[in-house]
Amino acid sequence: MDKTFKIEESLYLTPHETYFNKDNYPNFQSQFIEFKSKLVKESKNSINSTYYKFGDGDYYILSKQSVGTSKPGLRDIKKSVDLNKDDSFYKEIKDGSQQCDNYLCEIKFFNLFEEVMGDKKVTYPAEFAYGIISSKWVFKNFKKIGLIGSNEKLKIINELMKYEEYQNYLGISGFSSYIGIPQVYALSKSKSIYRKIKKKIENSDAEIFLLGIGHVQNTLLYKLKKHSKVPMVCVGCGIDAIAGLVDIRRPYFGNWKNFHIKNLSLYEKVLDPMMKTTMNEDVIRYLN
């Protein structure tokens, strides 16, 4: 991998060919500095910017393809839904995706973004969202961090944070808010999720929100903006990392330690099919 794309304190084990040619994003380093400075400034000035993280799953949903996590019945969408026939639901997804302030996208997916996101432009590479967590920068620069993600993963994080060893690993004593959403069919339940969490966001004292909400960001993120006083950043698998569940082959998580609590039954309730096929004992560090 070209040094242009390296992030301090992070490791990318299986870099895509995109990262071997610095011309694919020559300003990676300066833009990463800008991204981090922007988050700090927005937080200090109570600017509620939203950061939508585009992935290949969003591409499939926005292009009405039933692939991977965009397949009805698998994770985000109820089995009875057909995006090619339900015009009102698709319009809600499409319109919502167009109303965010900033757009993050992995460099290798820039072409997919351009295909389905109309006149929207990528603000920053999504690699930055991973990097602020894998390098632990976000934990060093914000004292009060709010989390929004699946109920099951947030419960695991809450349990992990009871251990001093894990607090020392992240460099924080805890998170200021745990705002959970359903781990399955969230996109289909968007309206009810919004009603349930908007007040929690308003009442939070977080300096920044980190979100791992999957494809429901398309209909939910822009609505949450008016209830927040600080930046809301979709970090995708970054929430998995904090929960000790990340695949270390994901960008920049190659040296991440997945902390686990022995015999914690909560792990059996995590239904993420990708996590169950990529976790392995070699990357788990058990807490006593």
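Student: Why is Asn 141 called partly exposed?

Tutor: The relative accessibility of Asn 141 is 37%. Buried means under 20% relative accessible area, exposed means over 50%, and partly exposed lies in between (1.4 Å probe, protein chains only). Asn 141 therefore counts as partly exposed. Before we continue, note that this is a predicted model, in which local features need pLDDT of at least 70 and side-chain atom pairs count only at pLDDT 80 or more, while totals for chains, interfaces and linings use all residues. Residues are numbered from 1 along each chain as its sequence is written, and side-chain values use heavy atoms, with hydrogens and water left out.

Student: Where is Asn 141 placed, and what does its side chain reach?

Tutor: Asn 141 belongs to helix 6, residues 137–141. Helices (H or I, at least four residues) and strands (E, at least two) are DSSP runs, numbered from the N terminus. A polar atom of the Asn 141 side chain lies 2.8 Å from the backbone oxygen of Trp 137. A polar contact is a pair of N or O atoms within 3.5 Å; within protein, one must be able to donate a hydrogen and the other to accept it, and residues adjacent in sequence count only if both atoms are side-chain atoms. Asn 141 is also 66 residues along the chain from Glu 207, with 9.9 Å between their C-alpha atoms.

Student: What makes Lys 94 buried or partly exposed?

Tutor: Lys 94, in helix 3 (residues 87–97), has 23% relative accessibility and so counts as partly exposed. Its side chain has a polar atom 2.3 Å from the backbone oxygen of Val 116. Contact means heavy atoms within 4.5 Å; leaving aside neighbours within four places in sequence, Lys 94 is in contact with Leu 62, Val 116 and Met 117.

Student: How do you know whether Gln 183 is buried or exposed?

Tutor: Gln 183 has 17% relative accessibility and therefore counts as buried. This residue sits in the loop between strand 5 (177–181) and helix 9 (190–202). Its side chain makes a polar contact with the side chain of Glu 152 at 3.5 Å, and reaches the backbone oxygen of Lys 269 at 2.6 Å.

Student: Why is Ser 49 called buried?

Tutor: Because its relative accessibility is 8%, Ser 49 counts as buried. Ser 49 is placed in the loop between helix 1 (28–44) and strand 1 (50–54). The side chains of Ser 49 and Glu 42 make a polar contact at 3.0 Å. Beyond neighbours within four places in sequence, the contacts of Ser 49 include Asp 101, Asn 102 and Lys 225.

Student: What makes Ile 242 buried, and which residues does it touch?

Tutor: At 0% relative accessibility, Ile 242 counts as buried. It is found in helix 11, residues 238–242.

Student: What makes the phi of Tyr 252 worth noting?

Tutor: Most residues other than glycine have a negative phi. The phi of Tyr 252 is near 75°, a positive value in a residue other than glycine. Tyr 252 is placed in the loop between helix 11 and strand 8 (258–261), and at 1% relative accessibility it counts as buried. Glu 9, in the segment before helix 1, likewise has a positive phi, of about 70°, and is not a glycine.

Student: How do you know whether the protein agrees with a compact globule?

Tutor: The radius of gyration is taken over C-alpha atoms, and the globule rule is 2.2 Å times the number of residues to the power 0.38. For 288 residues a compact globule would have a value near 19 Å; the protein has 18 Å, which agrees. Of these 288 residues, 55% count as buried.
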